[in-house]
Structure formats: C-alpha cells, structure tokens
Amino acid sequence: MEVSRIRSEAPIGVCLALTFAAGCTGVIGAGGGPDGDGGGGTINDQVAAQLCVVDTPIRRLTRFEYNNTVRDLLGDDTNPADVLPPEEEVAGFNNQAGAYTTSDLLVEQYMKVAEGIAERAVQNIAPLLEGCDPGSQGEVFCAAEFIERFGSRAYRRPMTQDDTDRLQGLFDFAMADPDLGTFNDGMQLVIEAMLQSPNFLYRAEYGTGAPVEGDVVPFTSWEMATKLSYMLWNTMPDEALFEAARNGELETPEQIGAQAARMIEDERARDTIRNFHRQWLLLTELENVTKDQNVYPNYNAGLRPLWEQEIETFIEHVILDENGSLDDLLTANYSFMNEELARFYGDDVVGEVSGESFQRVELDPTRRSGVLTSAALMATHANLNQSSPVFRGKFVREQLMCDSLPLPPNDLIIEPPELDPNKTTKEQFEEIGADPACASCHALMNPIGFAFEHYDGIGQWRDQQSGKPIDAVGEVVLTEDLDGTYDGAVELGQALANSPQVQECVASQWFRFAYNRSVTQVDSCSFDQLSDQFAASNFSIRELLVALTQTNAFLYRRMVTAEEGSTP
Amino acid sequence: MLRGSLYGGTIAIGLPLLDAMLPRPGAAQAGAAPKRIVFWFTANGTRQDVWSPPANMDLSGHPMHASLAPFSEKMLFLDGVDQDVTYDSIGDGHQTGMACLLTNAEVLAGTLFCEGACDGASPSYVGWGGGQSVDQYIAREIANDVVTKFRSLELGVQVRSSTIWSRMVYSEPDKPVPPREDPSQNFNDLFGDLDTDPFALELVRKRRRSVLDAVMEDHAAFSRRLGSDDKQTLDRHLQSIRDLETRLDATGVLGESCSEPLVNLPGSNYQQNDQYPATGRAQMDMLVMALACDMTRVASLQWSRSVSNVQHNWVPLRLNEGHHDLSHYDDGNADAQADLLAINRWYSEQFAYMLGLMDAVQEGDNTLLDNSVVVWVNELGKGNSHTRRDIPFMLAGSAGGYFNTGRHIDFGGEPHGKLLVSLTHAMDKPVNSFGVPQYSQGPLPGLT
C-alpha cells in the first residue's frame, strides 16, 4: 500500500514544516525515533509528524452550534444566533477552524444575543434552579449552586474557583446595586456573562499534559466529550457524555468509539448529517434557483422546498435508517415524495402517491440514480432556461471527485449559448467545447455533464429535444479510475459509487467538515486509516462517522506551549 | 413597522432634553461639522460606453445618470482609473476586484477559497484580501480623536455569506469585516436607545459594563493557557470587547436633524430577491440618519457582492436573468446591453436618493453631503471582460470643501491606489501611499 493517498503534491501552510517523508506508522508508542532528516523541525515536531498528529486552531461555535447549544442548555429554541454575522465559508464549509474572523459587529451581537437569552431564561427561573428555593434556602446559596452546576454545563468542564468567584462577584454586584437588587437581576447578569465567556463560545483543547510520546498528548475525558458532541451532533454534550467525562471513561479508542456508535442513533445526529450535506452537495444554492416559466411551464417556486425536502429526507434515510452506504446515496432507485412532487416526476415514479406528506416511492431504475438525478441537484446545476453540462460536470468533478479545475482566463468573455430550437443542448455545448481556447478545461466538465442530458433544466426526464432523440453519452477523462464513456446518469452513477477516487473524496469531505480543517500531508496515516475503515464497511457513511473518532488526528494533539506558562 | 418619510418634518418623538443629548459644542455648527466618508458598492462593472457624463456636466437626459442631475455640481466623475494591483495579484477577476478595491493590496496566498480536495496549493486557490481597507484605516485614525457610537458602520443589502467574493472591508490583512444586513436589527442597534428614558439607558450601560468587565477578566484567564496562534485569535476578540465598552456611552448626538428615523422596514424576508429595493432603501435611510446623528464618521453600503446575481425584475428587464449572468453576454447582445443599462440606471437612482437625503440635512451653511465624500465603487470596469481598468469611480460631496467638484476627469490610466490616498487626504488623515506603494504614489492629481 502506498504511504499516503493524499493526492496533493504541493506543500501547504505550516503543516509542511512538520511533514515527515519517512514511513508514517501512525501507531502511538511504536517507537521509531527521529532519523535526523525530518525537515528541520525539533525532535518533537518529527515525532508528531510520524504519528500524524496535527493541531487544529481553536474552534468557535458556529451559529448553528450556538443555537443547538442554547436549546440543550436552556431550552431556548428561538435560534437566537441567527442574527450573528455569517461564518466565513472556506474550503467548502462554514465551520473551518482558523478561518473565523472576529469583528466588532460579532462581539456587539454576542452581547445582545446573550441579553435576550438571559432575559427569556429568568422569566421562568424555577427549572434552572432544579429545586433550590431562594426563599427558604437563600438567594446566595441558590445562586452559588446554580453557578457551579449550570456553569459546568455551559463551559463543558468542571468550574474552577476563579470561574465561580468571578460569576459570584457579578451576582453580588447586582444584588447590592440599588437600581438592580433582585435575585433575577443577579441571575440574568450571570447568564449573560457565561454566554459571552470564551469558555462558552470557544472550544479550547489542551490535552492531558501526560505525553504518550514526544509532546503528543491525548485529550481529557471532558475535552473528548465536547469533541464528540460537536463533531457528531453539532451541539453540547448530553448527560451521558458528561457522566462518562466525570468518570474518566472517554480515554480509550474503544470507549470513544462506543459513545460515537450510541450518538449516531440519536436524533441530534440527523442535524449534523443535514448540515454536512447541505454544504457538500451545495443544497444551500437551491434557494437562489429561478427558472424561465416560458421554457418550463411545469416549474413553480413552490417546487423548490419540495425538492429540498426530498433530497434531505432521502439522505437522512440512507445514512441513518438504512446501512448508510455511499452506493445507495448515489444509485438508489427510491426516494421520498408527496403527491405534488410525484406528479412532477411523472412516469419516473412507480405506483400511486397521494396526500401532502412525504412517503417512500420506488423509481424507474433506468431513469433515476440517488441524489445524482434529484431535481434539487439537476435544477441547481442548470441555467435559467436550459440544462447545463458545464455546471453539472463541474459539480461532479469538484464535489464528488475532489478535483480542482483551473480558473478561466482572466479576460475571457463567458456566456452560455442562446437557445437554438434546431439543436440539442449537447450539440450546442459541443460546438463551444470544440473551441481550442475552451477545450482544455471544458473537456474536464462538459462531457461528464452530457451524461445528464436526459434531465432538463428543472430535472424532468426528457427523451428528445428540438425534435431529436437525447444523446446522453458522456465521457470522463483525466481521473484516477473513472476514465471512459457512460451512457446516461444511471451508468455514470454506478461507476462513481465504485470509484476509489470518489470514495476517497467523500472521506476527505467528511474529514474537513468533522475536524474543521483540510487534510494535510501530516494526516496521511489518519486519512489512510479512515479510508481503510470506510472500505471495510463497504463504504458505509454511518461507519465512517464512527471511524472519524478513531484516528490519531482526532485522538491526540501536541502539548500547548502557553506563552505565560501556567499549566492545567 | 414604522412608516413615513425620513425627513418629512412632522416627526414628533417626545425626547427628554438632556445635556448628553444636546449637540456637542462645536458640532453641527457652521464650519465645524465633522467630515464623513461613505463607500457605496455595486457589482459586476457597468456600461463603460455610456457611463461618462457630458463635457458640460449636464446630466439631465443622461441615459444612466439623469437622476443625478441635481447633484452634478457636487460630484466628480473619474474615468481612466485602474485597479492595477489586481493584475499582479493571484485570484480571479471578481476576487481581486473585490479584495483589492479598498485595500490596494494583493490577495493572500492560501487554500481557504478552493474547490475539490482543498488539500494542497493550486493556482486557483487563494486566501483573503491582503491589506487593511482605507475606510478602516481612516476610521481607526478618527477613533484616536473622538469616540462615536460606531467606529465605522458597515451596511449591506443581501450580501449573504462570507467569502472573498463578498468582502471589501478589511480591519487588517486577512481579516474581513462583515456588514449589517438585517434592517430591523440594524434599526434597533442604531436607534433602539435614542428614545429610551435616560435613567433606563444609564442602567443598561451599568449592567453592560459590569458584565463586560467580568467577561474581559474571563478572557485574560482563558488566554493565558493558549498557544500563540489561538491567543492572537482571542486577543482580537478581547480588543473588540474593550472597544465595545469604550463606546457604550456614545449614543449619538441629537440635534435638529437627528431623530429616530421613520423607516419602512422590510420584515424577516429582507433577503428575498424582491425585497432588495426595500432593504436598500431602509439601509440608506438609516445610514444617513446615523451620519446626521454623528454616530459614526465612516460608513459603507454594499449592494449585494461581486458576482451578484440579483434579479432586478422591478427595473424591468428584457431578459429575465440575474445581474452576473446578464453581465456576461457579448457587447453585441442588444437585450443584455439594454438590461445592464437599466440596472445601472436604477443604481444611479438609488445613489441620487441617498445624496438627496444627505443634501437635505443642514449643518450650518453647508449640508451633510457637502461635509462628506460618498465614493461609488465597483469591483470591475465591465462584466463580460472582467476588466479592472477604467473602474466607474464616482465621488459626491466635497469632504468639507476639499474636493473641487462639478467635474469629469479622465486620468487615462492612473492606479486606483492614488484615489485611496486622495481620500485619506480629504479626511485629514493623509498618507503618502496606501497598500502597494508602486500603485499609490501620492494622491490623484487635479482633484482639489
């Protein structure tokens, strides 16, 4: 087996400084000391590189995670973080550590959002006190009890004396102030401060302080509980995770894997699955789709939410209710629809569908192939008034094959061909693609897109166009294992599902989303392990999620060298 | 929803007269009004063939700018100013056009903006913009002299996600600044406390100060344990909290022209395509009032983003397509050309609307517009070629008499960095060069 499957040849970022070209064992405690030509880093750098341990910049809650967290922490389901400025979208996802910027606006809104949440929280304070009665047990007592108990859930770790002193001080200030002075005032200020605390907003990870080798350390059980919950649930840990953390039961890969397996069965995993696919499959672009109703009389804006619900229901079903196989995702001949949507798909739907609720339907296996041929994807990757072999080919190449395409020349005038009633879309795009100025790049896209020519600009099946039969023979070139011709999307879908390049691409997309950073050269053993486990599970995305908790990239970090040197 | 016109003259909000709400000595009086600067962005280039004004500056009858006719004596049309730096920079036309526009700095290398595997360097991968934008430079300089409610105010109209295509304002290299996009939220942030009882207001400040003090202590303890990169991230956060606390007391100055504006606020659907005009108008209403109230001296209004594909259906259009798609048709496509003219004419009307609001605010013998410079910028010259030469730069207002307005000047190929330098001079925070020195050797000649 080759050492690394990571295809990038070129160096990137700081990680390169740690790249260690020699054999990457990935086995903690396997020895294999530095051999002296590891690229000039310290011995610890070389050890970390050999073990494929890369640090991730500190993470901050995304708006989605913030909303989920206050829902689980306080029962506040108002999605208050929606008003925060949007996350930076880099490397295809909005949760990439190190890409966040902190603006004055963000900090101002953190304050106002926290004020709103705290105000709502104290309107019904009793549940937060969990039985403590300020009247009989004393306001100061109940506040202290709240700070200790609630604080450790908000900060996702035991409170320090420093934490409680500070929050207690704030409570005392409010109680002593003649303009404030009530118990609720004090509680409100305490909650506001907690929600603006870096301990709430950020996820700091320091590790145990006990190196397994070099300066490589595992995480504490508290840190691991938080890592697991934000990776698999996009929210804070539940009581079972906190309990495991208290008992130090999140130390071995087996303990961690068992928790992951439990967590995937939970409803909260659904949020994460949806969040990932919305970004990976570019479903967020659906809301910007418009179509020319002169060309597509069957289109109306009310279809978009149905398309969206269809693809999301299908994805969640495949991954969480079935065995989660990538093959199903790309090739299944069933989906979920209501009557209106089934009418839209017409003859492609086998049997009758009635009513407004979504139900499972069987599809013509010669015409439909999983998410690939869904109206959501077909309509998004199309023009206003025609299908777009360019956009569809680009989508497959970039999102499914993880290839990057060169930019068009700087001053090139790009315009889609105008509708020509005498030609098929394929004929028109073949003419453009033949232009030598375009051919070198468009050969990478257009011929893939031709395989989707049976689906018009809104994703409805067509047998002919401009009075001519549809020619859906597509071609894939310059790939690792997919080169060849394919007659239609069903045939292409089978090939994509069985392609190691696509399988690896899916693993790398999940790596990026789950670990909040891109794959680096140092990650080779973690990534190889992930790929192997993915393959061993017959490419089950469910199993991939568990496998993500078993890599060195997830299980270890390097000891923090704090500038002012205080230790945990 | 608040209805009515901004400066209708019938606004009657009962306000307690307080010392803190009276105009500051010297402010809003003849000759002493502060200078303000506003950047106004629209996307995808323009119709360069019709953009320029006639020699006599009479804009009535101009195919694109007729609505600006009342202000032509207060304006400067600049032809032949190029974003030279974008041709040295990595990144595509829209990326560089956007990220270099106010920074005059090359785009940073990196893999942040990537397609496919994103796991290695590629000629098509880039990072964020590589410099501080000139508005932020000016805002930080002004903040040394005076504390306003906002150091700078960034407003957006359907800008949406945060990427290199959507950010032109940078607090420092690699650090983009997001605009405020929700008009209702914006209204509360700007004017929510204007008519609050002063004692209640003081209580809010006291509470906020106490909480922020605790949060800042918390930050100090938290940061101590972090490695250096993470510590920098948290230090930036802490600095923003410090700045926020400093500005808690600054509410704006209520004067004759400053009051809670009556704004037609679009609802929660402000991001819908058909709400684009209403959202833009609400943001302009609030931006102008924020300036009139001296809540900030530096502002920007960003309509959509580079590669904007807003459908300007209300114009109306001949081709029912998004702005970016329309901008890609060949110059010979008459329908697309007509639509592009109509879209840019509509933006010109919006520009005129905002200038009208500013010109109606009297500040001594001058108007708010006279005391300001509003700079209309665009990431491209023209959409289909992606050229960053001959960007349609337009200035309105003389920045308190600094600019010699009422003219059209063709610079025949000066780098736009010089325009940025000119703006620092106009705002009395002069620099010799801004961004890449090669493309900003002093101010543009002949503007003053």
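**Two chains, one predicted model**

Let's start in chain A. In helix 7, A:L167, A:L170, A:F171, A:A174 and A:M175 meet A:D185, A:G186, A:L189, A:V190, A:A193 and A:M194 in helix 8 of chain A. Meeting here means contact: C-beta atoms, placed from the backbone, lie within 7 Å. Helices (H or I, at least four residues) and strands (E, at least two) are DSSP runs, numbered from the N terminus.

A word on the source. This is a predicted model, where local features need pLDDT of at least 70, side-chain atom pairs count only at pLDDT 80 or more, and totals for chains, interfaces and linings use all residues. Residues are numbered from 1 along each chain as its sequence is written, while chains are lettered from A and ligands numbered from 1 in the order in which they are written.

By class, the contact of helix 7 with helix 8 of chain A has 9 nonpolar residues, 1 polar and 1 charged. The classes: Ala, Val, Leu, Ile, Met, Phe, Trp, Tyr, Cys and Pro are nonpolar; Asp, Glu, Lys and Arg are charged; the others, Gly among them, are polar. The axes of helix 7 (161–176) and helix 8 (183–196) of chain A come within 8 Å and cross at roughly 145°. Axes are lines fitted to C-alpha atoms, for helices over the stretch in contact, with angles from 0 to 180 degrees between N-to-C directions.

Now chain B. Its secondary structure comes to 11 helices and 11 strands. The C-alpha trace spans about 65 × 55 × 45 Å along its principal axes. Buried residues make up 57% of the 448 in chain B. Buried means 20 or more other C-beta atoms within 10 Å of a residue's own; exposed means 12 or fewer; partly exposed is in between, with C-beta atoms placed from the backbone.

Next, the sheet. In chain B, 7 strands form an open sheet, in the order 3-6-1-9-10-2-11, with mixed pairing. Two strands pair if DSSP finds at least two bridges between them. Which strands sit at the edges? Strand 3 (153–157) and strand 11 (407–415) of chain B, each pairing on one side only. Neighbouring strands are turned by 15° against each other on average, direction ignored.

Strand 3 and strand 6 (298–303) of chain B run parallel, joined by 5 bridges. In that pair, B:L155 stands opposite B:L301. Helix 4 (134–143) of chain B packs on the sheet, touching strand 1 (36–41) and strand 6 of chain B. Its direction makes about 155° with that of strand 6. Helix 10 (334–359) of chain B packs there too, touching strand 1, strand 6, strand 9 (372–377) and strand 10 (393–396) of chain B. The direction of helix 10 makes about 170° with that of strand 9.

On to the interface. How many residues of chain B are in contact with chain A? The count is 67, against 68 residues of chain A. Strand 5 (175–176), helix 6 (198–224) and helix 7 (228–246) of chain B each give two or more residues to this side. Helix 6 of chain B gives the largest share, 14 residues. The chain B side has 21 nonpolar, 25 polar and 21 charged residues.

Last, one residue. B:S124 is found in the loop between helix 3 (93–99) and helix 4 of chain B. B:S124 touches A:S404, A:P406 and A:L407, not counting residues up to four places away in sequence.

Note on methods:
Two residues are in contact if their C-beta atoms, placed from the backbone, lie within 7 Å.
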